[in-house]
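I opened the model to look up a few residues and contacts. My notes follow in the order I took them.

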Amino acid sequence: MDRLQFEVPVRIAQGPGLPVEEIYSVEQALDFLQDWPARRQGPVYQKAFNACFGATVDVVKTEDACRAFMVFCRVTGLMASDMMAPRKRGGEARALQA
């Protein structure tokens with residue numbers, strides 16, 4: 001598996017009735033973010049962009065970049081309604097112990 005590939009693709013819908021698109025990697029997320037209108041690039045956008053760019057140069061973990069991109073998608077209303085956020089691995093271990 002490519003180190004920049006997301007564990008679970010991020011599913012986005014750019015508008016009602018438009019097809020759902022899946023973002024599979026940091027590179028795809030960066031491409032999407034670079035096309036985002038400048039007038040709509042706020043702090044959440046900047047965090048997602050910085051995290052994805054950081055992942056390409058091994059400064060940020062791919063999982064963290066994915067999470068930042070997902071937050072951006074959720075805040076901007078792009079997240080597909082059927083998209084569920086993956087749980088943290090540590091949380092799964094705790095749930096199994098309970």
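**Entry 1: S25**

In which strand is the place of S25? I find S25 in strand 2, which covers residues 20-25. I note at the outset that this is a predicted model.

Next I checked burial. S25 has a relative accessibility of 11%, so I log S25 as buried, the limit being under 20%.

Then I looked for side-chain partners. The S25 side chain makes a polar contact with the side chain of E27, at 3.3 Å. The S25 side chain also reaches a backbone atom: the nitrogen of Q28, at 3.2 Å.

Which residues does S25 contact once its neighbours within four places in sequence are left aside? I get L4, Q5 and F6.

**Entry 2: overall layout**

I stepped back to the whole chain. I count 4 helices and 2 strands. Along the sequence the pattern reads β-β-α-α-α-α.

The protein has 98 residues, and 34% of them are buried. I also looked at contact range. Of the contacts with a separation of 6 or more, 47% are between residues 24 or more positions apart.

**Entry 3: C66**

I went on to C66, which I place in helix 3, residues 62-75. Is C66 buried or exposed? C66 is buried, because its relative accessibility is 8% and the limit is under 20%.

I recorded the spacing to another cysteine. C66 and C52 are 14 residues apart in sequence. Their C-alpha atoms are 7.5 Å apart in space.

What does C66 touch, not counting residues up to four places away in sequence? My list is F6, V8 and V10. F6 was also on my list for S25.

I stayed with helix 3 and looked at how helix 1 packs on it. Two packed helices are described by the angle between their axes and the distance between the axes. I therefore took both values.

Helix 1 spans residues 26-34. The axes of helix 1 and helix 3 come within 10 Å. They cross at roughly 35°. The crossing of helix 1 past helix 3 is left-handed.

Which residues meet here? From helix 1 I list V26, A29, F32 and L33. From helix 3 I list T62, A65, F69 and F72. By class, this contact of helix 1 with helix 3 has 7 nonpolar residues, 1 polar residue and no charged residues.

**Entry 4: salt bridges**

How many salt bridges does the structure hold? I log 5.

I began with D58 and R3. Their side chains meet in a salt bridge, 2.8 Å from N to O. Why does this pair tie together parts that are 55 residues apart in sequence? D58 lies in the loop between helix 2 (43-56) and helix 3, while R3 lies in the segment before strand 1 (5-13), so the bridge links those two parts.

I checked accessibility at both ends. D58 counts as exposed, because its relative accessibility of 59% is over the 50% limit. R3 is partly exposed, with a relative accessible area of 42%.

I then returned to helix 3 for R67. E63 forms a salt bridge with R67, with the closest N and O atoms 2.8 Å apart. E63 and R67 are 4 residues apart in helix 3, so about one helical turn separates them.

D64 also pairs with R67. The side chains of D64 and R67 meet in a salt bridge at 3.0 Å, N to O. D64 and R67 are 3 residues apart in helix 3, so they too are separated by about one helical turn.

How accessible are these residues? E63 is partly exposed, at 39% relative accessible area. R67 is partly exposed as well, at 33%. D64 is partly exposed at 34% relative accessibility.

One further group goes on the page. R11, E22 and D82 are linked in a network of salt bridges.

**Entry 5: back to D58**

I came back to D58 for its backbone. What is the phi of D58 near? I read a value near 60°. That is positive, and D58 is a residue other than glycine. I note its setting again: the loop between helix 2 and helix 3.

Key
Residues are numbered from 1 along each chain as its sequence is written. This is a predicted model: local features need pLDDT of at least 70, side-chain atom pairs count only at pLDDT 80 or more; totals for chains, interfaces and linings use all residues. Side-chain values use heavy atoms; hydrogens and water are left out. Buried means under 20% relative accessible area, exposed over 50%, partly exposed in between (1.4 Å probe, protein chains only). A polar contact is a pair of N or O atoms within 3.5 Å; within protein, one must be able to donate a hydrogen and the other to accept it, and residues adjacent in sequence count only if both atoms are side-chain atoms. Contact means heavy atoms within 4.5 Å. Axes are lines fitted to C-alpha atoms, for helices over the stretch in contact, and angles run from 0 to 180 degrees between N-to-C directions. A crossing is left-handed if the near helix is turned anticlockwise from the far one by less than a right angle, and right-handed if clockwise. Ala, Val, Leu, Ile, Met, Phe, Trp, Tyr, Cys and Pro count as nonpolar, Asp, Glu, Lys and Arg as charged, and the others, Gly among them, as polar. A salt bridge is a side-chain nitrogen of Lys or Arg within 4 Å of a carboxyl oxygen of Asp or Glu.
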